[in-house]
Amino acid sequence: MKRIKVVQGDITKIKVEAIVNAANTSLLGGSGVDGAIHKAGGRAILEECQSIRNRQGGCKIGEAVITPAGKLCANFVIHTVGPFWKNGSYNEEKLLFLAYSNSLKLAVDNEIKTIAFPNISTGIYGFPKKCAAKIAIHTVADFLATSNTIEEVIFVCLDRENYNIYKAMLE
Ligand code: ADP
């Protein structure tokens, strides 16, 4: 599991080729990590999100799109939309898996070697943290086993609870 790391911190400060954004279907920015990324990256990100909206009408749950990263130290932002947790019987687990796997596929398509993920869906969208971490780690580990393009994946946890969950699961 050497290609997978966990750190506690702010994803906008991480030096990787691409950071993943837990966006919403509008792609127009929001609160939480989405707001932090748009704020730190500036207008270039929003402008590209708007032209994607004009072309394809936003981004569906489980899908992903890529933009430049504006003023961030990363080169790209991969915007994916995680599911809103209702009670577990609305395909939430499959949709979270798709959000991670489609982000990884887009990274490979763009020859990205280093990528950082936030804890998608575990903020406002209310996904249970342990269950989300299990899906995130398994999806990434399975993907890395079949592809050498991505050299390093960093899970960036803002809160200590998520950090402790990831640390324990990765050990
Ligand atoms: P969602 O709507 O997908 O739940 P949120 O942005 O509300 O998205 O939360 C997703 C996760 O991102 C949460 O665990 C939250 O603590 C975390 N988060 C919020 N801001 C940042 C940030 N600047 N860097 C890294 N993680 C963040």
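1. Basis. The model is predicted, so that local features need pLDDT of at least 70 and side-chain atom pairs count only at pLDDT 80 or more, while totals for chains, interfaces and linings use all residues. Residues are numbered from 1 along each chain as its sequence is written, and side-chain values use heavy atoms, with hydrogens and water left out.

2. Length of helix H2. Helices (H or I, at least four residues) and strands (E, at least two) are DSSP runs numbered from the N terminus. Helix H2 covers residues 43-56, and its 14 residues should span 20 Å at 1.5 Å a residue, which agrees with the 20 Å between its end C-alpha atoms; the expected span is 1.5 Å times one less than the number of residues. After H2 comes Gly 57, with a positive phi near 70°.

3. Ile 45, Leu 46, Cys 49 and Ile 52 of H2 are buried, where buried means under 20% relative accessible area, exposed over 50% and partly exposed in between (1.4 Å probe, protein chains only). These residues lie on the same side of H2, because they cover an arc of only 120° around the axis, the arc being that of the directions from the helix axis to the C-beta atoms. On the other side of H2, Arg 43, Asn 54 and Arg 55 are exposed. The cover over the buried residues of H2 includes helix H1 (32-41), strand S3 (64-68) and strand S4 (76-80).

4. Aromatic pairs. Rings of Phe, Tyr and Trp (its six-membered ring) pair if their centres lie within 6.5 Å, and planes under 30 degrees apart count as stacked, over 60 as edge-to-face and the rest as tilted. By this rule there are 5 aromatic pairs. Phe 84 and Tyr 125 form an edge-to-face pair, because their ring centres are 5.6 Å apart and their planes stand at 70°. This pair links distant parts of the chain, 41 residues apart, with Phe 84 in the loop between S4 and helix H3 (92-109) and Tyr 125 in the loop between strand S5 (114-117) and helix H4 (129-146). Phe 84 is partly exposed at 45% relative accessibility, and Tyr 125 is partly exposed at 25%.

5. The nonpolar cores. Which residues have the most contacts inside the largest nonpolar core? They are Ile 78, Ile 115, Phe 117, Phe 155 and Tyr 166, in a core of 33 residues; a nonpolar core is a set of buried Ala, Val, Leu, Ile, Met, Phe, Trp, Tyr and Cys residues joined through side-chain atoms within 4.5 Å. H4 gives the most to this core, with 8 residues. A second, separate core of 20 residues includes Ile 14, Leu 27, Cys 49 and Val 156. Ring pairs also link Phe 117, Phe 155 and Tyr 166 with Tyr 100 into a cluster. Phe 117 is buried, with a relative accessible area of 0%, and Phe 155 is likewise buried at 0%.

6. Two backbone angles to check. Most residues other than glycine have a negative phi. Leu 27, although not a glycine, has a positive phi of about 65°; Leu 27 is placed in the loop between S2 and H1 and counts as buried at 2% relative accessibility. Asn 91 is not a glycine either and has a positive phi of about 65°; Asn 91 is found in the loop between S4 and H3 and is partly exposed, with a relative accessible area of 49%.

Note on methods:
Contact = heavy atoms within 4.5 Å.
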